[in-house]
Amino acid sequence: MHEPDPLSEVANLDEGFLSDVAHELKTPLAVVVGYAELIGWRDDEETRTEASAMLLQAGARLSETVDELLLLLAVEGGATRKPTSFDLGTAVAAATEGSARIATAASEPWPRVLADQEGIERIAASIAAHLLSLAEPGRAVVVSCAEVSGNAELTFALAPADGSTADATEQGARRGSLLRLRLARRLVEASGGTLRAEPDGSGAWRFVAALPLEQG
Amino acid sequence: MEKARGSQSANGDAARPVSLLLVEDDAMVRGWVQLCLRGTEFRLAAVASSAAEALELAQRRKLDLYLIDYHLPDRVGTELVRDLRQAGSTAPALLMTANSERGFNETVRDAGAQGTVLKTGSREELLKAMRNLKEGDRPFDSRHPKRLPGRAALSPREREVLRLVALGRTNREISVALGVGDETVKTLLGRAFVKLGARRRAQAVAAAHERGLL
């Protein structure tokens, strides 16, 4: 059985969205409090070393989440960034670099689009992370691109992992969240495109970002 | 799988370890829980980062207690508890969440779990809840506000109707599938809408998922 379309949840459930944002903020906060308390309670080298690493990680995640919230507010408030011309392959490669469980399907040459490149990279990273957080072991995210009706359609789907990705784990990887999905949707729309989720036929969802091709 | 066992000595140290399955997708929280349990009567028998992984581990391990995060990547913690109970596991389950949420305790209880604890970062709160659970108490965190009147959990029949709605079935198809009349389907759906505060089918399905009722 399919879960409800994740994008319809993003659009309709403000209560759920706010709860998700609160969860995104409170979890690293609890980690900060928890490790600070543990250092006071058990002040040995091992605890200090682990706590130090986790506190830095929790701080980085808090900062990133606040940045995403501010960006979402700006985009929903109508702020736009100047579009530039770039090929989608470069943006996808930049967004997924370093991830052993994200692969790009061969579709050279990738089309050029006129859009907010930083935003598109963020979209690609967010959607891939969201799918990855749902992926069972042995599954990877595959990003492919096709030209459809004047648009470049970037598709993010789960697929069986090949030899290079089968056993990979991603320590400290970005986690999926409704905040990132909502931000991804708004950034696609700000670039004149659309983002949709559709069943992939195996009980999961795939995401398709349609972006206007560069004219001429 | 067994009911919780083990006893605790006066200083809180282990007399016999309590075997625990931690289900948590966040590596930072997993690390914190592991450190909290060090030197206690609890032994981390296994760690899962998704509900699917937890179900698989629960089949293979002899466990005394589950510590489950509510927001898992593949489903919410209450759905996992339902699946564990259906699979025959009777070990008590403690649900963790970062937010205090209205009706959370009732939802968790309806799913077949025995307690809740807020993820505040307090080792003492976590261990106290786990120890209470181990002793057979029902430690539901009182910081979760009670469910509003009229927002009771779905009845099994209402849940079944919503499950079919989620599959895209029409009222007619649902009435055939359940062997009831069209009017009964409408009544069951109407009741579910009221309980979920929903006005449309998709909204009701989404709300039920969000609250772990399906």
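The legends below describe views of a predicted model. Residues are numbered from 1 along each chain as its sequence is written, with chains lettered from A and ligands numbered from 1 in the order in which they are written. Because the model is predicted, local features need pLDDT of at least 70 and side-chain atom pairs count only at pLDDT 80 or more, while totals for chains, interfaces and linings use all residues.

**View 1. Secondary structure of chain B.** Chain B has nine helices and five strands (DSSP runs numbered from the N terminus: helices are H or I with at least four residues, strands E with at least two). From the N terminus, the order in chain B is β-α-β-α-β-α-β-α-β-α-α-α-α-α.

**View 2. Packing within chain B.** Of the 214 residues in chain B, 46% are buried (20 or more other C-beta atoms within 10 Å of the residue's own, C-beta atoms being placed from the backbone). Among chain B contacts between residues at least 6 apart in sequence, 66% join residues at least 24 apart; a contact requires C-beta atoms, placed from the backbone, within 7 Å. Along the principal axes, the C-alpha atoms of chain B fill a box of roughly 60 × 35 × 30 Å.

**View 3. The contact of chain A with chain B.** Chain A contributes 34 residues and chain B 27 residues. On the chain A side, helix H1 (6-12), helix H2 (14-41), helix H3 (45-76) and helix H5 (117-134) each give two or more residues. H2(A) supplies the largest share of that side, 16 residues.

How values were computed
Buried ≥ 20, exposed ≤ 12 C-beta atoms within 10 Å, placed from the backbone. Contact = placed C-beta atoms within 7 Å.
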